[in-house]
Amino acid sequence: MLIPRQKTPDLSLPLVGGGQFTLSTEKAERGTVIAFYRGLHCPICATYLKELEKLTPEFNARGVTTVAVSSDGSERAAGMAEKIGADKLRVAYDLALPAARDDWGLFTSTSRGKTSIGIEEPALFSEPGLFMVTPEQTLYYASVQTMPFVRPHFSELLGALDFAINNDYPARGEYTGAL
């Protein structure tokens, strides 16, 4: 289980369009938002990531970089990048499912065949998660889903980020002692 204020696992994945996303070498002033998504087959993910694409400049203005990550291969990831019009949002792919579950705490689902948009689900894929990681690679914020529905809104995360910046608000949920 990831603990706020403690170091997260590293994440190093290829990016659609070339290059590599490596969390440990990110140079953002205030951190990185990582949006783990289910894959090309998920229409809710596409809508969600379109919002993040639109708001990425707002995150950048606050010193925060963004990346969308899935276990899809390069072709499916490129398909999602095209579908959402990814221009500012980086789209990473080839997330290993053991890393998704064991390192990041994401839930894993099995295929139910074709989705409502007619795209075949992979045999196994991870469910969504949203994380903000500090420049020191410690966990600041995390939200993990068991379903594609009811995700945190990026506009609310921006508002929370403004509050945290203005008030030097620490990551919470860090206590691991006896209860």
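**Notebook: sheet, helices and ring cluster**

I started with β3 and β8: the two strands run antiparallel and are joined by five bridges. Ala 35 sits opposite Leu 130 of β8. I noted at the outset that this is a predicted model.

**Entry: the whole sheet**

I looked up the strand order next. Five strands make an open sheet, β5-β4-β3-β8-β9, with mixed pairing. Which strands stand at the edges? They are β5 (90–92) and β9 (139–144). Each has a single partner strand, so one side of each lacks a neighbour in the sheet. On average, neighbouring strands are turned by 20° against each other, direction ignored.

I then looked at what covers the sheet. Helix α4 packs on it and touches β3, β4, β8 (129–133) and β9. The direction of α4 makes about 25° with that of β8.

**Entry: β3 with β4**

I went on to the pairing of β3 (residues 31–36) with β4 (residues 64–69). These strands pair in the parallel sense, over six bridges. Phe 36 is placed opposite Val 69 in β4.

I stayed with Val 69, which lies in strand β4. Is Val 69 buried or exposed? Its relative accessibility is 0%, so I put it down as buried. Leaving out residues up to four places away in sequence, I listed its contacts: Leu 11, Leu 13, Ile 34, Ala 35, Phe 36, Tyr 37, Ala 92 and Leu 95.

**Entry: β8 with β9**

I moved to the other side of β8. β8 and β9 run antiparallel and share five bridges. I found Val 133 opposite Leu 139 in β9, and Gly 129 opposite Val 144 in β9. The hairpin of these two strands has five residues between them. There, Gln 137 takes a positive phi near 65°.

How many residues of β8 are buried? Five of the five are, so the strand is largely enclosed by the rest of the structure. I sorted the residues by direction. In a regular strand, side chains alternate between the two faces of the sheet. In β8, Gly 129, Phe 131 and Val 133 point one way. Leu 130 and Met 132 point the other way, and all of these residues are buried.

**Entry: aromatic rings**

I searched the whole structure for ring pairs and got five aromatic pairs. I wrote down two numbers per pair, since a pair of aromatic rings is described by the distance of the centres and the angle of the planes.

I took Phe 36 and Trp 104 to begin with. Their centres are 5.4 Å apart with 50° between the planes, and the pair is tilted. Phe 36 is in strand β3, and Trp 104 is in the loop between α3 (97–103) and β6 (108–110). The pair links distant parts of the chain, 68 residues apart. Phe 36 and Trp 104 are both buried.

Then I took Trp 104 and Phe 131. Why is this pair edge-to-face? The ring centres are 5.1 Å apart and the planes stand at 80°, so the pair falls in that class; the cut-off is over 60 degrees. Trp 104 is in the loop between α3 and β6 and Phe 131 is in strand β8, so the pair ties together parts 27 residues apart in sequence. Trp 104 and Phe 131 are both buried.

Phe 36, Trp 104 and Phe 131 are linked by ring pairs into a cluster.

**Entry: α1 against α4**

I finished with the helices. The axes of α1 (residues 43–61) and α4 (residues 154–167) come within 9 Å and cross at roughly 25°. That angle makes α1 roughly parallel to α4. On the α1 side I listed Tyr 48, Glu 51, Leu 52, Leu 55, Glu 58 and Phe 59. On the α4 side I listed Phe 154, Ser 155, Leu 157, Leu 158 and Leu 161. I then sorted the contact by class. It has eight nonpolar, one polar and two charged residues.

Key: Residues numbered from 1 in each chain as written. Predicted model: local features only at pLDDT ≥ 70, side-chain atom pairs only at ≥ 80, totals over all residues. Heavy atoms only, no water. Axes fitted to C-alpha atoms, helices over the stretch in contact; angles between N-to-C directions. Helix = DSSP H or I, 4+ residues; strand = E, 2+ residues; numbered from the N terminus. Parallel < 35°, antiparallel > 145°, perpendicular 65-115°, else oblique. Contact = heavy atoms within 4.5 Å. Nonpolar A, V, L, I, M, F, W, Y, C, P; charged D, E, K, R; others polar. Pairing = 2+ DSSP bridges. Phe/Tyr/Trp six-rings, centres within 6.5 Å; stacked < 30°, edge-to-face > 60°. Buried < 20%, exposed > 50% of the residue type's maximum accessible area, 1.4 Å probe, protein only.
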